[in-house]
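Here's a walk through one protein chain, taken a piece at a time. Have the sequence and the model open side by side as you read.

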Amino acid sequence: MKIHKEGRRILFFTLLILLVLNLLLYNFNADNNTFNRIFSGVSAVLFLLILQFFRSPYRNLLLHEDLIVAPADGKVVVIEEIEETEYFKDKRKQISIFMSPINVHVTRNPVSGIVKYFKYHPGNYFVAWHPKSSTQNERTTVVVESTAGPEVLFRQIAGAMARRIVWYVSEGDEVSQGEEFGFIKFGSRVDVFLPLDAEVKVQLGQKTKGGETVIAQLKTAPPTLFG
């Protein structure tokens, strides 16, 4: 287990502010020990909550060109056929994973390949499970031409609490399955858009682990794994 680089500055300044506030209380409010102790306890809990949010556990990454692995930890909240209007402009299978504030918020490449398209969209902050969040919230869209052939689109979506999306990819980059492509701070969602003939391997409500859980399999001839 390690602390993700996106959280180090936040954790440092949070710890510094909490320490200063507690020292001020103990120096200038020394007669109210009960309040000081409660404030110290609340400070410790707050810091631990933020600390766990930025944890980055080791993952035993699953690597295979036919397979689509979960881009994030969370719960599968959408499995449906839908019109993808930004890049493909046709029907695709959509799998969406909701990340609560207690999930790991690293986002990972679901496939290996070449980044063919990237775009950042500023936007609103609907709750991440709202139907409009996929097209109206702050978000990034990444399209990778997978080593298996088909293009896969995945989208980071900010939620009501998440107010900053971080990404580490750009068009033309070669990416590896399971490696980090970004981070979303304080709860959100990732959508994955697949060809209609892809075989979904998860169910609604299923918990996923980023880089480990297989969420779908691309159609190849012949299938080489899980076929």
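Start at Val152, which touches Ile68, Val111, Val142, Val143, Val144, Val192, Phe193, Leu194 and Leu218, leaving aside residues up to four places away in sequence. Contact here means heavy atoms within 4.5 Å. This is a predicted model, so to speak a calculated one: local features need pLDDT of at least 70, side-chain atom pairs count only at pLDDT 80 or more, and totals for chains, interfaces and linings use all residues. Residues are numbered from 1 along each chain as its sequence is written, and side-chain values use heavy atoms, with hydrogens and water left out.

Val152 belongs to the largest nonpolar core, which has 22 residues; Ile68, Val142, Val152, Leu194 and Ile215 are the ones touching the most other members. A nonpolar core is a set of buried Ala, Val, Leu, Ile, Met, Phe, Trp, Tyr and Cys residues joined through side-chain atoms within 4.5 Å. Buried means under 20% relative accessible area, exposed means over 50%, and partly exposed is in between (1.4 Å probe, protein chains only). Two or more core residues come from each of strand 5 (90-99), strand 7 (113-121), strand 8 (139-146), strand 9 (151-158), strand 13 (188-194) and strand 16 (214-217). Helices (H or I, at least four residues) and strands (E, at least two) are DSSP runs, numbered from the N terminus. Apart from this core lies another one of 10 residues, with Phe47, Phe53, Phe54 and Val104 among them.

UniProt, in an unreviewed entry, places "modified residue: Pyruvic acid (Ser)" at Ser188. Is Ser188 buried or exposed? Ser188 counts as buried because its relative accessibility is 0%. UniProt positions follow the numbering used here, feature names are shortened, and annotations may be inferred rather than shown by experiment.

Now for the charged pairs. The structure holds six salt bridges, each being a side-chain nitrogen of Lys or Arg within 4 Å of a carboxyl oxygen of Asp or Glu. In one of them, Arg155 pairs with Glu86, with the closest N and O atoms 3.1 Å apart. That pair links distant parts of the chain, since Arg155 is in strand 9 and Glu86 is in the loop between strand 4 (74-84) and strand 5, 69 residues apart. Both Arg155 and Glu86 are buried, and together with Glu84 they are linked in a network of salt bridges.

Lys116 forms a salt bridge with Glu145, at 3.3 Å between the closest N and O atoms. Lys116 lies in strand 7 and Glu145 in strand 8, so this pair ties together parts 29 residues apart in sequence. Lys116 is partly exposed at 39% relative accessible area, and Glu145 is partly exposed at 33%. Arg92 pairs with Asp90, the closest N and O atoms being 3.0 Å apart. Arg92 is buried at 14%, whereas Asp90 is partly exposed at 28%.

Finally, look at the helices. The unreviewed UniProt entry annotates residues 10-28 and 34-54 as "transmembrane region". Residues 10-28 are 100% helix and 0% strand, and their end C-alpha atoms lie 27 Å apart. Residues 34-54 are 95% helix and 0% strand, with 31 Å between the end C-alpha atoms. Phe12, Phe13, Leu16, Ile17, Val20, Leu21, Leu24 and Phe28 make a nonpolar surface patch of about 800 Å², and Ile17 sits in helix 1 (residues 5-28).

Notes:
Patches are made of residues with over 30% relative accessible area and no salt bridge: like charges are joined within 9 Å, nonpolar side chains (Val, Leu, Ile, Met, Phe, Trp, Tyr) within 5 Å. Accessible areas come from the Shrake-Rupley method with a 1.4 Å probe; for residues, only the protein chains shown count as cover.
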